Amino acid sequence: MIQTEDLMKVYQMGDTEVRALNGASFTIDKGEMVAIMGPSGSGKSTLMSIIGCLDAPTSGKYILDGLSVENMDEAKLAETRGKKIGFVFQQFNLLARTSALENVMLPLTYAGVSGKERHDRAMKALDRVGLSQRTHHAPSELSGGQQQRVAIARALVNEPAILLADEPTGALDSKTSVEIMELFQSLHKENGQTVILVTHDAHVARHTDRIIKLSDGQIISDEVNHNPIKAGAPRVEE
Ligand SMILES: Nc1ncnc2c1ncn2[C@@H]1O[C@H](COP(=O)(O)OP(=O)(O)O)[C@@H](O)[C@H]1O
Ligand SMILES: [Mg+2]
């Protein structure tokens, strides 16, 4: 479970202070699927970095599964994120000239998992995202949607309780975006993973159960989506 209280993040730019987060308080329960929306510069990525233990807030509290994150040192933050969190990014962030399989094995290599287990777990993750026929392809030999699937397999391979995705469909066309959202929905449903994703696209957000809106580093709305879009539904243009 994620609990935050009055999160602040202030960046000092010369003589000016940028308040990227200005008092965000919320709770996200284990197994929720949540979208974070807001204009560019509203603090979405900053919030994701803090939730993901990539960065610490300037002030405020962050409790993750009962542990206070705000006072953790770099080593403890790294350990916590390695155990609990998987990241997916807009630009996929895959290693070029490296096969899908090797990209997915990488987090296991860092975690010290041995050769055969590494291979088997990476194959299972690739199978889970529907790419078991593409394991030896390099990113340049895959479509955008397939590359994002590799990135999702890489995020899943350590079996994190929380999957964080910062604009995961931002570089994809609308049809592929929906396919990626359906994949997140099935991971959420079958593995009970907590999924938190940032998006600009209201249609993408409506695949989740809850929509949090940020503006100028503050939460301006936090609503349950009673009727999330399900797999196979036609796209309704706004
Ligand atoms: N490392 C940084 N140094 C200085 N300012 C930053 C840094 N990261 C983000 N900011 C500023 O904080 C604000 C929020 O940024 P960000 O969290 O990236 O917003 P979003 O993801 O919603 O576009 C912006 O004004 C941005 O310029
Ligand atoms: Mg951002």
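Helices, of at least four residues, and strands, of at least two, are DSSP runs numbered from the N terminus. In these terms, H1 is the element that gives the most to the shell around ligand 1, with three residues. The model is a predicted one.

- The residues around ligand 1 include Tyr11, Met13, Val18 and Ala20. Also among them are Pro39, Ser40, Gly41, Ser42, Gly43, Lys44, Ser45 and Thr46.
- At least two residues of this shell come from each of strand S1 (2–13), S2 and helix H1 (44–51).
- By residue class, the shell around ligand 1 holds five nonpolar residues, six polar residues and one charged residue.
- The backbone takes part through Gly43, one of whose backbone N or O atoms lies 3.1 Å from an oxygen atom of ligand 1.
- In Ser45, a side-chain N or O atom is 2.9 Å from an oxygen atom of ligand 1. In Thr46, a polar side-chain atom lies 2.5 Å from an oxygen atom of ligand 1.
- Ligand 1 taken alone exposes 570 Å², of which the protein buries 62%.

**The four-stranded sheet**

- Strands of a sheet pair through backbone hydrogen bonds, in either a parallel or an antiparallel sense.
- Here four strands make up an open sheet with antiparallel pairing, and their order is S2-S1-S4-S5.
- Strand S2 (16–28) and strand S5 (67–68) are the edge strands, each pairing on one side only.
- Ten bridges join S1 and S2 in the antiparallel sense. Within this pair, Gln12 stands opposite Glu17 in S2.
- S1 and S2 form a hairpin with two residues between them, and Gly14 in the turn has a positive phi of about 60°.
- S1 also pairs with S4, again antiparallel, over five bridges. The bridge partner of Ile2 in S4 is Leu64.
- Strand S4 (residues 59–64) pairs in turn with S5, in the antiparallel sense and over two bridges. Leu64 stands opposite Leu67 in S5, and Leu64 is likewise the partner of Ile2.

**The largest pocket**

- Rolling a probe the size of a water molecule over the atoms shows where empty space is left.
- The largest pocket contains about 390 Å³ of space.
- It is lined by 14 residues, and those closest to its centre are Gly82, Ile85, Phe87, Pro107 and Asn158.
- Two or more lining residues come from each of helix H2 (74–84), strand S6 (85–89), helix H3 (100–110) and helix H5 (144–156).
- S6 gives the most to this lining, with four residues.
- Eight nonpolar, four polar and two charged residues make up the lining of the largest pocket.

Terms used
Residues are numbered from 1 along each chain as its sequence is written. Chains are lettered from A and ligands numbered from 1 in the order in which they are written. This is a predicted model: local features need pLDDT of at least 70, side-chain atom pairs count only at pLDDT 80 or more; totals for chains, interfaces and linings use all residues. Side-chain values use heavy atoms; hydrogens and water are left out. On a 1 Å grid over the protein atoms alone, a cavity is a set of points where a 1.4 Å probe fits but cannot get out, and a pocket is an open set with protein on both sides within 12 Å along at least five of seven lines; lining residues have an atom within 4 Å of a point. Grid points are joined across faces, edges and corners, and a volume is the space filled by probe spheres set on the points. Ala, Val, Leu, Ile, Met, Phe, Trp, Tyr, Cys and Pro count as nonpolar, Asp, Glu, Lys and Arg as charged, and the others, Gly among them, as polar. Two strands pair if DSSP finds at least two bridges between them. A residue is near a molecule or strand if one of its heavy atoms lies within 4 Å of it. A polar contact is a pair of N or O atoms within 3.5 Å; within protein, one must be able to donate a hydrogen and the other to accept it, and residues adjacent in sequence count only if both atoms are side-chain atoms. Accessible areas come from the Shrake-Rupley method with a 1.4 Å probe; for residues, only the protein chains shown count as cover.
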